[in-house]
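Dear colleague,

Please find below the structure I promised to pass on to you.

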Amino acid sequence: MVNTHFLILFLLLFRILQSPSPSVAASPSDHRYHIGKHLPFFVNTVGPFNNPSETYEYYDLPFCQPEPIVRKKESLGEVLKGDRLCNALYEIKFRENKINETLCQKWINVDEVASFKEAINRDYYFQFYLDDLPFWGFIGKLEEDSWSPAGGGTKYYLFTHVQFDVLFNGDQVIEVNAFGDPNRAIDISNDVDVDVKFTYSVTWNATALHFENRMDRYSRTSLLPMYRQVHWFSFINSTIIILLLVGLLALLYTRQLKSDLKKFSNANEEDKEVGWKSIHADAFRHPPNSSLLFALVGIGTQLLILLFVLLFLGFIGTLYPYSRGGLLNYLVLLYALSTVFAGYSSASFYSQFVGNGWERSVSLAAILYTGPVFVIASILNIIAISYGATTALPFGSIIVILVIFIVLAIPLLMFGGVVGYRFRIEFQGPSSAKRYPREIQQLAWYRRTPFQMFIGGLVPFSAIVLQLHQVYASMWGYKIYTLSSILFVTFITAIVIIAFVNIGLTYIQLSVEDHEWWWRSVLCGGSTAIFMFGYCIYFYVRSNMSGFLQLSFFFGYNACFCYAFFLIFASISFRVSLLFVRHIYHAVKREEQRKFLISESYLPPRAATVTLPHGMMRKLAVPKQE
């Protein structure tokens, strides 16, 4: 019965997230049209070209408006993305050319002229949709009039004519472009009322490109062939160098570890209590703030699984470029469903090392990432509302997100915690912990946490910085990242590097008899995300983004992005460090057992006790049998 309820709830939420609108396409299955058939056309947003997060509704500027304005019903992902699709006066029919079609005749007052001038000064662009294909164009242009007798100045020109070029193959739309005609621009430099006639033209041309490949155009414009070759070469070159470096480090550490075990097997009792072997009774002492530590590992495991699923969906083509809100739809739904892994990991680890009280660790996992993201998103939403931007979430969308979190995410989190506690594996340490922990000596500066975090973050960051730039350019620019296979390989490479580097750092820490490796493994692994956030600062400084709204959105959402990777990398580092520590100390225990069995086979002759007459006891040596 419970499973049936969860299935019904899952299907209902998926329907809410998708919310398809039947008005977007004339034929939802194949987008096929007869000649003269009216095509679905929507206006979306306008905004500064250099500020991708600062978008406003198209009719916030005094363009020609239909009566009434009908808003398209959008999915949750589209709302989160900032899309606000509305109907328009443009009428485009399949394979019907139009020349100088009048859109409207409008009298623009001084205030409206000022709003157009400000938009042109900030390089405002518009976004339209025709048959689910996005396209863009500028609303005007600036010119410096330095040759006029009056001394020159800046001229503002508003495009009053839009040219639509549409390509078709058979009965399907393949490509659409739009641009403002600079020869039909009106000068609005003076602050006076202006009578403007808005017009448009539509030209249809045939193409051999198939409907299935019509989205390839956006990939080609964002990644040119020459740049693609350089991109592949740089990626392969950096990957090979990093993997060779990691292989060399792994070889050195393996040989050193074997050397330590060999010395241990041949050493006397006094020499054995030196280095990492001397803290075997403290290495598995559960760390301070265990609830927080294991909650961090749990949420990191959840985000790791979520990221792998998203990369897989991108690889198989389910998430394709400009699938409106598709990525955010899957992100919200999969995050809610994957909370079961956070609950399971948190409760399982806590029950193994501490015992009872796993509920606190699972509760911390519920707010460890969601809490900061909710606070940052709330602040950014208030800023967006004050600017009137489309990135501000409506009240209904906020309610839907809260319902998903309360009704789906939290129950799955607690369910995962119960499963993790019930099916926990009892931890068997190689030796019992002492009552009081061993005192840690004063360490040199290069063996302390800050320097090890620097090393642990720099090496993996150097392997992903190239792909990180492409991801940032896609998130905060107009490039479309389509090489999901390269991104997946880069992520796997980063995981391998983080694993080997943190194994080495943990070994160095244990070698100086520092048994507090738990939290340091987390910090050293997650420090790569600190370098990622540092690079986002560099990316912002080098870009043309400006304004408080764009600044707050850029650093706010990048903080959430880098914090997620901090949790992912920290979880990976902790897990591999735990496996390494268990391995080396179990190897020592096995060596002790082996030496004990060998020594047992070479014991001196045993003494046998026999009873002699007169009740006297005498110990006689039993001869060793040949």
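The structure, which is a predicted model, holds one disulfide. It is formed by Cys64 and Cys104, whose sulfur atoms lie 1.6 Å apart. The torsion about the S-S bond of Cys64 and Cys104 is about -60 degrees, so the disulfide is left-handed. The bond links distant parts of the chain, 40 residues apart: Cys64 sits in the loop between β2 (56-57) and α2 (76-81), and Cys104 in strand β3 (residues 98-108). Both cysteines of the pair are buried.

Two further cysteines deserve mention. Cys560 is buried, with a relative accessible area of 8%. Its closest cysteine sulfur, in Cys562, is 9.6 Å away and therefore too far for a bond. Cys524 has 2% relative accessibility and so counts as buried.

As to the nonpolar cores, the largest comprises 69 residues, of which Tyr472, Phe491, Met532, Ile568 and Phe574 touch the most other members. Two or more residues each come from α7 (290-316), α8 (326-353), α9 (358-368), α12 (449-475), α13 (484-511), α14 (518-542) and α15 (548-600). The largest share, 17 residues, is that of α15. Domain 2 (222-263 + 448-599) and domain 3 (288-423) each supply at least three residues to this core.

Leaving aside residues up to four places away in sequence, Tyr472 touches Gly477, Met532, Tyr535, Cys536, Phe539, Asn558, Phe561 and Cys562. Another core, of 54 residues, lies apart from the largest one, and its members include Tyr58, Leu130, Val196 and Trp204.

With kind regards

Definitions and conventions. Residues are numbered from 1 along each chain as its sequence is written. This is a predicted model: local features need pLDDT of at least 70, side-chain atom pairs count only at pLDDT 80 or more; totals for chains, interfaces and linings use all residues. Side-chain values use heavy atoms; hydrogens and water are left out. A nonpolar core is a set of buried Ala, Val, Leu, Ile, Met, Phe, Trp, Tyr and Cys residues joined through side-chain atoms within 4.5 Å. Buried means under 20% relative accessible area, exposed over 50%, partly exposed in between (1.4 Å probe, protein chains only). Helices (H or I, at least four residues) and strands (E, at least two) are DSSP runs, numbered from the N terminus. Domain bounds come from an automatic or database domain assignment. Contact means heavy atoms within 4.5 Å. A disulfide is a pair of cysteine sulfur atoms within 2.5 Å.
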